[in-house]
Amino acid sequence: MEERQFRRQRKKSKDQWRASGFSVAINGGNARGKRRIELELGAMAAVGSIPLLDGLVSSSSSMAVCDPFDRRRKAAGFEPPPAFDESAPSESLRDQAREFLRAWGEMLWELGKGFKDIVQQSLITEDSFVVRKVGKPCAEVSGRLKFLNEYLPEDRDPALAWPVILFVFMLALAALSVNMTNDSFTPHVKKVQKHPSSAIRVQLPDGRHIAYGEQGVPADRARFTIVTPHSFLFSRLAGIPGIKVSLLEEFGVRLVTYDLPGFGESDPHPERNLNSSALDMSYLANSVDATDKFWVLCFSSACMHAWATLRYIPDRVAGIAMVAPMINPYEPRMTKDESSRTWAKWVQRRKLTYGLARRFPKLLSVLFRRKFFSGIHGSISDWLSLSMSKKDEALIQQPQFEEFWHRNVEESIRQGDISSFTEEYVLQVSKWSFSLADLQVQKKCQHKGILPWLKSMYSQADCELTGYLGPIHLWQGMDDEVVPPPMADCISRLVPQATIHRLPDEGHFSFFFFCDECHRQVFSTLFGVPQGPLDKKADVAIIEEPLIANPALE
């Protein structure tokens, strides 16, 4: 009993102490705090926990009047806060959520600034482990990517512009990767088909097989044999597009076309170069019984293989014909004017592809796989990033050209090996093992010293001509935007013995593709008056007739 009374008395004293503390808070707090405390005291008095609470609450206003600190506050110029307006609307849940999120945002912002300070002070310093290991490779990559800054406007800071470009690029890739579920908005596309094998394959000395095809007269009746490599993303089926067999027979021409390594049905050659390309052409000519000299005819990018034959097997080449010949766009002997006028004709996407092939060739496989091996056909201007003249635009829209292009693409990617396409593209823009100036006919004398040199001025015994001595004919369309005319100007300057046929109002494809008159013009330039195929029986009769009529033999 005594312990229970002690607890009641202790609780009573605590309640009186709280009531006195509340009265002080009422006198010293603001209007809202006073109102809150009065409500709490009223609630406590209602349950009888604080005696004489009604008098305490009712006397709060009178106590505020008798507060000795009130006079001091007024003398110091302190104005009390406005009284709490009970009619003011309470704070909504939306406002509370907004304030909560704002507070969290401020906290995360400060946390991020703290992490930034930590990274700057511990990881990005010159003596940190990360900078020592990653700094040098990053500097090398940054140095190799500086050429991309040339494509930015002059008033843009690369440090700010490239992150935005990278973000937009990633966003575009994400958008392209999303499959459209509504087929009504999907345009009609033509899928790539696989055809049965139709090529003849011969084995080369290194064990590889090369696929080829023939047109025109047979080998034993051919006056001229023409070997034709194909351009990028084409195949042996290209040859001379739209050539008529009757025209080949009229001039006695045997046309041999073949697949480059890794294209069509030819085996890949991972370590190939322009030297091996010329040797492949020589081995193929021997395999098809063209043991004598043969002619080489090329178009566009395939002409780099024709240039290689003039450098490495000139004794096997009877002559060469080039239509819109492509040279290395990074040829060091091109003048600044020729180079600038050439690059000005190309679209930005083609320039970027050449830059990737020269500096980051491994990235080409990603680009080519998305285009050429997607299983869906595309236009030649889109796939090869080509700008076209009006005449070329009209040509590629024809069903005949579209069917020809699609069939060559299907044959070209038959093996599904992307590395061969990357090697061919890189070979075009990489540093060649020779210069076009090496093909120029020059007098080379074997002498050393001043006296032999003076003697050589009056004698030709110790001198010989170097370079390619056979005929070189080039046909260049003046409206060509794929291989611009400045490239032909460079060839004419570096190889002065070459004959340039400039074609007004002709584009890249318009002269060579499906043009009977153009094909006749090329053959007439190379072979002169058509004489038809060889007639073996007539030759034998001419030889035997005088033997029979000779009286001495009787």
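Reply: The largest cavity is lined by 14 residues, and His230, Ser231, Ala238, Gly239 and Phe299 are the ones nearest its centre. A cavity here is a set of points, on a 1 Å grid over the protein atoms alone, where a 1.4 Å probe fits but cannot get out, and lining residues have an atom within 4 Å of a point. This is a predicted model, in which local features need pLDDT of at least 70 and side-chain atom pairs count only at pLDDT 80 or more, while totals for chains, interfaces and linings use all residues. Residues are numbered from 1 along each chain as its sequence is written, and side-chain values use heavy atoms, with hydrogens and water left out.

The volume of the largest cavity is about 100 Å³, taken as the space filled by probe spheres set on the points, with grid points joined across faces, edges and corners. Strand E5 (residues 294-299) gives the largest share of this lining, three residues; strands are DSSP runs of E, at least two residues, and helices runs of H or I, at least four, numbered from the N terminus. Ten lining residues are nonpolar, four are polar and none is charged (nonpolar: Ala, Val, Leu, Ile, Met, Phe, Trp, Tyr, Cys and Pro; charged: Asp, Glu, Lys and Arg; polar: the others, Gly among them). Cavities of 30 Å³ or more number four.

As for the helix pair, Leu364, Ser365, Phe368 and Arg369 of H14 meet Ile418, Phe421, Thr422, Tyr425 and Val426 of H18, contact meaning heavy atoms within 4.5 Å. Six residues of this contact are nonpolar, two polar and one charged.

Notes
On a 1 Å grid over the protein atoms alone, a cavity is a set of points where a 1.4 Å probe fits but cannot get out, and a pocket is an open set with protein on both sides within 12 Å along at least five of seven lines; lining residues have an atom within 4 Å of a point.
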